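New notebook page. I want to look up how this chain folds and jot down what I find as I go.

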Amino acid sequence: MQPGHSVTVGRAPVRRHPQSVRSWGFNYIENVDGKADTGNANADPDLRIVPDRYSKDFPEGAEGVYDVGVPSTRNPQTGNPGPTLWLPMGEKVRFVLSSRDVIHSFWVLPFLMKQDVFPGHNVNAFEVTPNHEGTFRGKCAELCGVDHARMLFNVKVVTPDRYQQHLKELAAQGQRGFIPAGIDITDPARNAEPRKL
Ligand SMILES: [Cu+2]
């Protein structure tokens, strides 16, 4: 079964808070408006880090929405720090992991697994079908630098209808399109995050 949904997850630039320390970013590769002629995730330069074997599953007309979090971001329900990645219960989601700086590790505690998040072309991916509603904690499991202890996030599993509604909420907030996933080059001297966000 092909995954019904794709997200990219990684250390990402925060366009709306350029003065802030970067944190986790989530691209939801979804056809949010339901129209096939608006958006093409396969042609979007911000997602070019995603290998063809994953991008071929992007839905047609995926203009996408994104979310990001800074260290002061809180889950509104639990108060736990970090941005919140929403997932639809009972539907298969593919995670594509990439970093824009150093090696991190993506760890959602109840997933009982973690996976490294690399810069460059070494993109990791896995698939999950969430089977419990609820809000869960996630964190970076790789000592990655000065902000490691603040690389926290939340995962919220909701009904598929509520998930679709959330995508529209992100779009209504202006968080349409994608934030740049990964970096294209692996030359260590050029692996620094550009100042221009
Ligand atoms: Cu990290």
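Contacts come up a lot, so I wrote the definition down: two residues are in contact if their C-beta atoms, placed from the backbone, lie within 7 Å. I keep in mind that this is a predicted model, where local features need pLDDT of at least 70, side-chain atom pairs count only at pLDDT 80 or more, and totals for chains, interfaces and linings use all residues. Residues are numbered from 1 along each chain as its sequence is written.

**Overall look**

I checked the contacts in the protein with a separation of 6 or more, and residues 24 or more positions apart account for 74% of them. Next I looked up the elements: there are two helices and 10 strands. Helices (H or I, at least four residues) and strands (E, at least two) are DSSP runs, numbered from the N terminus. Starting at the N terminus, I read off β-β-α-β-β-β-β-β-β-β-β-α.

Then burial. A residue is buried if 20 or more other C-beta atoms lie within 10 Å of its own, exposed if 12 or fewer, and partly exposed in between, with C-beta atoms placed from the backbone. Of the 197 residues in the protein, 39% are buried.

In which order do the five strands of the open sheet run? I noted 4-10-9-6-7, with mixed pairing. Strand 4 and strand 7 (113-117) are at the edges with a single partner strand each, so one side of each has no neighbour in the sheet. The twist from one strand to the next averages 25 degrees. For pairing, DSSP has to find at least two bridges between two strands.

I zoomed in on strand 4 (84-88). Strand 4 pairs with strand 10 (residues 152-158) in the parallel sense, over five bridges. Leu85 is opposite Val155 in strand 10, and Pro88 is opposite Val158 in strand 10. Helix 2 packs on the sheet and touches strand 4 and strand 10, with its direction at about 135 degrees to that of strand 4. That kind of angle runs from 0 to 180 degrees between N-to-C directions, and axes are lines fitted to C-alpha atoms, for helices over the stretch in contact.

Why is strand 4 described as largely enclosed by the rest of the structure? Because five of its five residues are buried. Side chains in a regular strand alternate between the two faces of the sheet. Here Thr84, Trp86 and Pro88 are buried on one side, and Leu85 and Leu87 are buried on the other.

**Helix 2**

Helix 2 (residues 160-172) has 13 residues and spans 19 Å from first C-alpha to last, close to the 18 Å expected. The expected span is 1.5 Å times one less than the number of residues. Just after helix 2, Gly174 has a positive phi of about 90 degrees.

**Two loop residues**

Is Gly39 buried or exposed? Gly39 counts as buried, because it has 24 C-beta neighbours inside 10 Å. I found Gly39 in the loop between strand 2 (23-29) and helix 1 (52-55). Leaving out residues up to four places away in sequence, Gly39 touches Asn31, Gly61, Ala62, Glu63 and Gly64.

Glu91 sits in the loop between strand 4 and strand 5 (93-98). Glu91 is partly exposed, with 15 other C-beta atoms within 10 Å. Beyond its neighbours within four places in sequence, its contacts are Gly4, His5, Thr129 and Pro160.
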